[in-house]
Amino acid sequence: MIRWLPLVLLATTTLATTTLATTTLADAAEPRPPILSPARIKADVKTLSADDFHGRGPTQAGEPITLSFLEQRFAALGLKPAGDKGFRQTVPLLRWTRDAARFQLSLNGATRALRPGVEIAASSRIVGATALDRAPVVFVGYGVVEPRLGYDPYQGVDVRGKVVVALAGDPDVEAGRDLGFGGRASSPAARTKLAEAQKRGAAAFFQIHDTFPSSYPWLQLANSDAVPGYALDTGTVPPAFGIRGTLRNDIGVAMLRQGGLDYAAAKRAAQAATFRAVELKGVSFSGEVRTSLDRAVSHNIVGVLPGTDAKAGSILYGAHWDAYGENAFDPPADRIRNGAVDNGSGTATLLEIARTFAKAPRLRRSVVFALWTAEEKGLLGASWYADHPALPLATTAAQFNLDPHVVLGRTRDLELIGVGRTPLEADLQRVAATQGLRIVPEENTEAGWYYRSDHYALAQKGVPGVYFRAGHDLVTGGMAAGERERSRYNAECYHQTCDEFKPGWDMTGAAQEGSVAYALGREIAGGAAWPTWNASEPFLAERAKSDAERR
């Protein structure tokens with residue numbers, strides 16, 4: 001699961017309120033045994049996250065090994081190949097590699113080096129050298145421009161040729177109230193900051209890291225600083241922007257202090273629509289980044305279980321097979337980020353769902369099983385498929401995304417990500433109840449998970465779906481145990497080398513998640529109804545463009 005999406009302009013979404021509290025379902029004494037097999041899921045996670053797979057990095061040594069394994073599994077299940085090369089769907093990529101970097105910060109004439117991967121994580125997509133020499137620095141608060149709400153911190157301020165520095169999150173993520181961006185929930189507007197700075201001629205853009213609104217610790221950025229950047233290769237190279245990245249929190253705080261701003265007070269001031277950007281006097285930034293660009297190819301794996309009625313449409317299950325791979329910049333003792341949880345567990349769960357479908361009677365609608373590449377690079381495999389689907393998206397009735405965030409044992413609940421978007425949520429709640437599970441709304445809405453996993457690429461094309469994962473109310477240990485494990489994984493192993501297979505894992509939580517996805521999917525695949533979006537969702541307008549194809 002990616003940390004963030006590319007910072008492009010997205011439509012603002014208002015999350016509807018929900019009644020998915022635990023009081024909406026009668027508590028079951030014990031959840032029912034899952035339909036899927038935890039043991040088979042665990043065995044596949046062990047295989048996929050073995051060192052022999054080299055961390056499943058797209059375009060790396062682990063890709064052909066991973067693809068071969070997945071192809072064999074799909075073939076053994078009797079799925080119909082749906083790629084351009086058998087089960088493989090070619091995904092062309094652009095790859096930017098940072099070959100060298102140096103950075104310096106000047107505070108009141110005193111210069112200090114900022115070490116890549118220590119105090120700063122930054123890159124450039126300008127091929128060749130990108131250089132700045134003592135560029136002025138402008139603080140733009142949250143850096144969000146939203147005319148509908150009166151927010152424009154750039155108003156009256158010229159940032160051309162200057163370094164723009166912004167806070168993490170959006171104006172109301174820590175305000176304690178909804179200022180129009182969804183309250184604590186991360187909004188799409190928070191992902192437009194780089195585009196806004198670029199539009200106004202900034203020479204560089206940095207965000208000050210803050211763990212709560214970012215939803216991940218600095219360690220994750222620092223340890224992945226040297227990872228190449230990717231984009232889909234559509235035949236043209238997108239317009240390049242100069243140096244961009246993130247500053248360790250204490251560096252950002254020092255810059256603001258030099259400019260006469262207190263960090264906490266600046267955050268409060270920037271929450272107001274009246275906030276205007278401030279040039280930080282006595283602060284300048286210098287740096288040089290050398291970047292090379294090449295083209296690469298990766299692959300999705302796509303198979304179809306045909307339905308009994310070719311005109312009935314389809315449903316889709318997706319999971320990303322990729323992880324962070326094998327990296328020379330990681331410590332010599334362990335240079336493989338095995339991705340056992342993220343997303344070996346989701347890939348294994350999809351394989352178990354496919355096995356269960358293949359053994360059962362065929363339904364009216366076809367079932368597409370897609371394993372995406374390059375999710376960690378910006379949802380690239382899913383985005384490519386969204387433009388080149390195996391079966392038409394207009395008649396894809398629903399989609400399910402398997403991207404768990406932590407390995408948990410048997411739980412009493414499932415956590416719904418992105419509450420209030422589709423009437424399918426009521427069906428999800430009903431189906432989960434038959435398995436003795438409650439549906440609860442996500443807690444950490446500031447993390448913006450809805451925008452950070454592959455279902456989003458298809459939702460933008462109008463395909464309805466629900467994204468959920470195992471909750472944290474464990475049968476053994478309750479909420480305290482579940483939250484403890486989630487916190488530990490986030491702080492230590494998310495996207496790190498310690499995301500490795502543990503022989504003692506209990507994969508029942510993954511099996512419960514997959515079992516509900518399977519049961520709801522069978523219901524939709526066997527029926528004639530077309531799920532939709534709530535009226536408040538911008539995805540509804542996109543779906544409406546193909547209404548005639550579903551009559």
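Biologist: Starting with R56: buried or exposed?
Modeller: R56 counts as buried because its relative accessibility is 1%. Buried means under 20% relative accessible area, exposed means over 50%, and partly exposed is in between (1.4 Å probe, protein chains only).

Biologist: What kind of model is this, and how are residues numbered?
Modeller: It is a predicted model, numbered from 1 along each chain as its sequence is written, where local features need pLDDT of at least 70, side-chain atom pairs count only at pLDDT 80 or more, and totals for chains, interfaces and linings use all residues. Side-chain values use heavy atoms, with hydrogens and water left out.

Biologist: What is the average pLDDT?
Modeller: The protein chain averages 94, and 95% of the residues score at least 70. pLDDT is the predictor's confidence in each residue, from 0 to 100.

Biologist: Where is pLDDT below 50?
Modeller: Over residues 4–19, a stretch that has 42 contacts in the model beyond near neighbours in sequence. Contact means heavy atoms within 4.5 Å. Residues 21–28 also stay under 50, with 13 contacts beyond four places in sequence.

Biologist: Back to R56. Where is it in the fold?
Modeller: R56 is in the loop between α1 (38–48) and α2 (62–76). Helices (H or I, at least four residues) and strands (E, at least two) are DSSP runs, numbered from the N terminus.

Biologist: What is the phi of R56?
Modeller: Near 50°, so R56 has a positive value without being a glycine. Most residues other than glycine have a negative phi. T59, in the loop between α1 and α2, also has a positive phi, about 70°, and is not a glycine. T59 counts as partly exposed, at 25% relative accessibility.

Biologist: Which side chain is T59 in polar contact with?
Modeller: The side chain of R95, at 2.9 Å. A polar contact is a pair of N or O atoms within 3.5 Å; within protein, one must be able to donate a hydrogen and the other to accept it, and residues adjacent in sequence count only if both atoms are side-chain atoms.

Biologist: Where does R95 lie, and what else does its side chain contact?
Modeller: R95 lies in strand β2 (residues 88–107). Its side chain also makes a polar contact of 2.7 Å with that of D294. R95 is buried, with a relative accessible area of 18%. Leaving out residues up to four places away in sequence, R95 touches residues including P228, Y230 and S292.

Biologist: New topic. Which peptide bond is cis?
Modeller: The bond from D342 to N343 is cis, with omega near 5°. N343 lies in helix α8 (residues 340–359). Most peptide bonds are trans.

Biologist: Which residues touch the most other members of the largest nonpolar core?
Modeller: Y317, F357 and F369, in a core of 79 residues. Helix α8 gives the largest share of this core, 9 residues. A nonpolar core is a set of buried Ala, Val, Leu, Ile, Met, Phe, Trp, Tyr and Cys residues joined through side-chain atoms within 4.5 Å. A second, separate core has 34 residues, among them L114, A189, I251 and V289.

Biologist: What does F369 touch?
Modeller: Not counting residues up to four places away in sequence, its contacts include F74, I301, Y317, L350 and F357.

Biologist: Now α7. Which of its residues are buried?
Modeller: Y263, A266, K267 and A270, in a helix that spans residues 263–270. Down the axis of α7 they fall within an arc of 100°, so they line one face of the helix. The arc is that of the directions from the helix axis to the C-beta atoms.

Biologist: What do they pack against, and what caps the N-terminal end?
Modeller: The buried residues of α7 pack against β5 (128–139), β6 (163–167), β7 (204–208) and α6 (249–258). D262 is the cap: a side-chain oxygen lies 3.2 Å from the backbone nitrogen of A264.

Biologist: How does β5 pair with β10 and with β6?
Modeller: With β10 (residues 278–305), β5 pairs in the antiparallel sense over 9 bridges. With β6, β5 pairs in the parallel sense over 3 bridges. Two strands pair if DSSP finds at least two bridges between them. F139 has V278 as its bridge partner in β10, while V137 stands opposite V163 in β6.
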